[in-house]
Amino acid sequence: MTLTKLLTLPTRPNDYLIEGFLWKRQSVMFVAKDKVGKSVLTLNMAANLTTGEPFLNCYDISGKYRIVYVQCEGSRETTKEHFESMLRGKAHIDTDSFGYIYRSGLQLHTFDGGKKLIGDIEILGFKPDVVFIDPIYKAISGGDISNAKDATIFTDNLDRIKEHFNCSTVCCQHKRKTSKNKDGRPIDMGDEESMGSSIFKNYFDHTINMRKHKNDSRSITCDTQRNGHVPKKIDLDFDFQHKIISVAGSKHTTNIQDTVLNCIVYRKRIAPVEIAVETGITEQQVRSAISALTKKKEIKIVDKVTPNVFYGVV
């Protein structure tokens with residue numbers, strides 16, 4: 001094929017599952033230190049995917065999807081408690097679209113291990129749109145996450161899963177021990193803090209880092225991304241009692257919603273980033289207001305052009 005022919009091909013549609021976070025047939029890695037909340041964050045993501053409700057109470061999900069969550073660490077009892085807490089906090093989960101596999105000793109650094117996991121998923125009786133694996137290092141039981149060969153076979157198995165089910169994959173991984181400078185201050189190494197081989201960083205379409213700060217707040221950042229459409233930094237609100245995570249300050253006053261709605265009415269077709277520029281409201285606040293207005297059925301998505309989603313009045 002010549003470049004001339006290539007340039008005549010249709011532009012890939014904005015085929016996201018979660019706006020700004022997850023696209024069809026892509027692979028995403030969440031990285032955090034132990035006990036920061038990455039598993040709770042991905043459980044929130046998985047639950048939102050089954051209902052189509054906005055991720056983090058802000059980011060649009062393009063439909064209702066079936067997911068499989070493969071837990072390789074911790075206990076079933078703890079995960080059950082997390083779900084019960086989420087439901088008490090009024091989180092919504094389509095339990096029939098949420099497949100759950102608890103598998104210790106998973107060996108995704110072998111081709112037989114990948115084949116076995118595909119078989120285990122098929123037993124659930126439905127074809128998933130997203131497969132979650134939490135965490136990577138426990139999914140390479142008996143292998144070495146720092147070994148390039150083991151890491152390559154693991155990523156090959158992710159490709160086999162994506163090919164077999166025509167799905168996306170989301171993985172969790174722990175951070176390595178924090179390095180410090182000569183003054184004893186921690187050095188922020190970004191994606192380099194992920195445990196294991198550099199193969200992982202090179203493979204995933206984007207890597208999202210979750211951090212816990214001194215005031216006990218959380219944030220997520222994305223330094224490495226393939227398509228350039230992932231938010232660079234988001235501050236989070238963490239409801240510890242109910243295990244629900246949302247964008248910080250995403251519960252806004254009616255005044256902000258009215259401002260956003262008036263802007264949409266005036267422009268008829270507008271993207272969140274454009275609303276932020278025109279109104280001076282932060283993009284995170286705009287997205288939160290859009291989420292609330294969408295739930296109230298006052299606005300709707302009218303167009304999608306990579307990387308933007310455009311809204312109009314109902």
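Which residues in H4 meet which residues in H5? On the H4 side they're Phe111, Gly114, Lys115, Leu117, Ile118, Ile121 and Glu122, and on the H5 side Ile153, Asp156, Asn157, Arg160, Ile161, His164 and Phe165. Contact here means heavy atoms within 4.5 Å. By class, that contact has 7 nonpolar, 3 polar and 4 charged residues. Nonpolar is Ala, Val, Leu, Ile, Met, Phe, Trp, Tyr, Cys and Pro; charged is Asp, Glu, Lys and Arg; the others, Gly among them, are polar.

Quick background. This is a predicted model, where local features need pLDDT of at least 70 and side-chain atom pairs count only at pLDDT 80 or more, while totals for chains, interfaces and linings use all residues. Residues are numbered from 1 along each chain as its sequence is written, and side-chain values use heavy atoms, with hydrogens and water left out.

Now, the angle. The axes of H4 (residues 111–123) and H5 (residues 148–165) come within 9 Å and cross at roughly 30 degrees. The two are therefore roughly parallel: that's the label for angles under 35 degrees, with over 145 roughly antiparallel, 65 to 115 roughly perpendicular, and the rest oblique.

On to another pair. H8 (residues 272–279) and H9 (residues 283–295) have axes that come within 9 Å too, crossing at roughly 120 degrees. So H8 and H9 are oblique to each other. Pro272, Val273, Ile275 and Ala276 of H8 make the contact with Glu283, Val286, Arg287 and Ile290 of H9. That one has 6 nonpolar, no polar and 2 charged residues.

How values were computed
Axes are lines fitted to C-alpha atoms, for helices over the stretch in contact, and angles run from 0 to 180 degrees between N-to-C directions. Helices (H or I, at least four residues) and strands (E, at least two) are DSSP runs, numbered from the N terminus.
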